[in-house]
Amino acid sequence: MKSIEPVIAILTDFGYRDHYAGVLEGVIAGIAPRARVITLTHGVAPQSITAGALALAQSWRFFPRHTVFLAVVDPGVGTERLPIAIETRAGARMVGPDNGVLALAAGQAGLRRAVELKLSRYRRAEVSSTFHGRDIFAPAAAWLARGTPLRAFGPALPRITPLMLPEARLTRAGARGEVIYVDGFGNLITNIGTATIARLRACFPEKALTVRIGSSAAVEIFRGYGDARVGRPLATIGSFDLLEIAVRDGSAAQRFRAKVGATVVVNAARPRN
């Protein structure tokens with residue numbers, strides 16, 4: 001029987017200007033030359049653990065069962081935060097800093113076990129205090145892809161660091177939340193989920209739901225981007241299964257001058273014509 005080609009998927013905030021992202025692939029190639037390396041993105045907003053965690057959570061389930069996910073968004077590199085690797089009940093393995101970047105995906109996939117990456121034999125001989133992606137995480141991902149059992153890397157951990165996302169709350173007239181992610185198209189993804197929108201529609205069956213960001217005019221909720229006129233702001237439930245604010249063929253982030261943390265309010269009222 002032909003063996004299955006191991007897959008390593010990489011997500012970082014390294015960007016595409018410098019050599020950092022390519023070096024990770026070089027380290028992996030030196031240890032696991034048969035592994036297929038797939039880039040999720042190197043465009044996570046710099047030092048944004050939340051953005052990295054959301055991107056990983058939106059991605060892991062679309063890969064082969066035993067994929068190793070290497071996630072390096074690590075503003076605390078060189079500090080006491082632990083380097084870790086985990087196995088999940090869904091089969092995915094994940095490697096990265098224990099700062100919350102793995103937490104959402106691990107929760108979805110079902111955390112089975114976690115270990116600290118401590119044994120020197122699975123690191124580079126010299127470890128920089130500023131580039132653990134190269135010296136600790138990439139080697140660990142490569143050795144996992146080669147079949148090294150998780151327990152070989154270091155001591156077991158009872159838990160991993162969670163990621164604390166802000167929660168939307170219901171109000172008398174609707175719901176209140178905030179922007180938690182801005183994608184490359186300028187779409188503003190909020191923490192208001194499909195269940196909240198469904199609940200509001202059930203509570204206010206005779207009224208249309210409208211959405212405001214900051215002090216902006218109310219926008220309607222559409223099924224998809226194409227249902228709005230070109231240049232028109234809209235709200236929709238996007239691929240995150242979260243309410244997002246967009247502009248048809250434009251950027252909501254630019255239109256509303258909004259970023260992560262901006263307040264978003266859903267009201268049960270007829271939109272103004």
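Trainee: In β3, which residue is the bridge partner of A9?

Mentor: This is a predicted model, and within it β1 and β3 pair in the parallel sense over five bridges. For A9, the bridge partner in β3 is F69.

Trainee: How many of the nine residues of helix α2 (residues 49–57) are buried?

Mentor: The buried residues of α2 are I49, A51, G52, A53, L54, A55, L56 and A57. They pack against β1 (7–12), β2 (36–41), β3 (68–72), β5 (93–97), α3 (103–109) and β9 (174–182). Helix α2 is largely enclosed by the rest of the structure, because the buried residues among its nine number eight.

Trainee: Is Y20 edge-to-face or stacked with F131?

Mentor: Planes over 60 degrees apart count as edge-to-face, whereas those under 30 count as stacked. The ring centres of Y20 and F131 lie 5.6 Å apart and their planes stand at 85°, so the pair is edge-to-face.

Trainee: How many residues apart in sequence are the parts that this pair of Y20 and F131 ties together?

Mentor: Y20 lies in helix α1 (residues 20–31), while F131 lies in the loop between β6 (111–116) and α4 (132–145). The pair therefore ties together parts whose separation in sequence is 111 residues.

Trainee: Which residues do ring pairs link into a cluster?

Mentor: By the rule for ring pairs, the count comes to seven aromatic pairs. One of them is formed by F14 and Y20, which are edge-to-face at 6.1 Å centre to centre with 70° between the planes. Y20 also pairs edge-to-face with F131, and the ring pairs thus link into a cluster F14, Y20 and F131.

Trainee: Is Y20 buried or partly exposed?

Mentor: F14 is buried, with a relative accessible area of 18%, and F131 likewise counts as buried at 10%. Buried means under 20% relative accessible area, and Y20, with 34%, is partly exposed.

Conventions:
Residues are numbered from 1 along each chain as its sequence is written. This is a predicted model: local features need pLDDT of at least 70, side-chain atom pairs count only at pLDDT 80 or more; totals for chains, interfaces and linings use all residues. Side-chain values use heavy atoms; hydrogens and water are left out. Rings of Phe, Tyr and Trp (its six-membered ring) pair if their centres lie within 6.5 Å; planes under 30 degrees apart count as stacked, over 60 as edge-to-face and the rest as tilted. Buried means under 20% relative accessible area, exposed over 50%, partly exposed in between (1.4 Å probe, protein chains only). Helices (H or I, at least four residues) and strands (E, at least two) are DSSP runs, numbered from the N terminus. Contact means heavy atoms within 4.5 Å. Two strands pair if DSSP finds at least two bridges between them.
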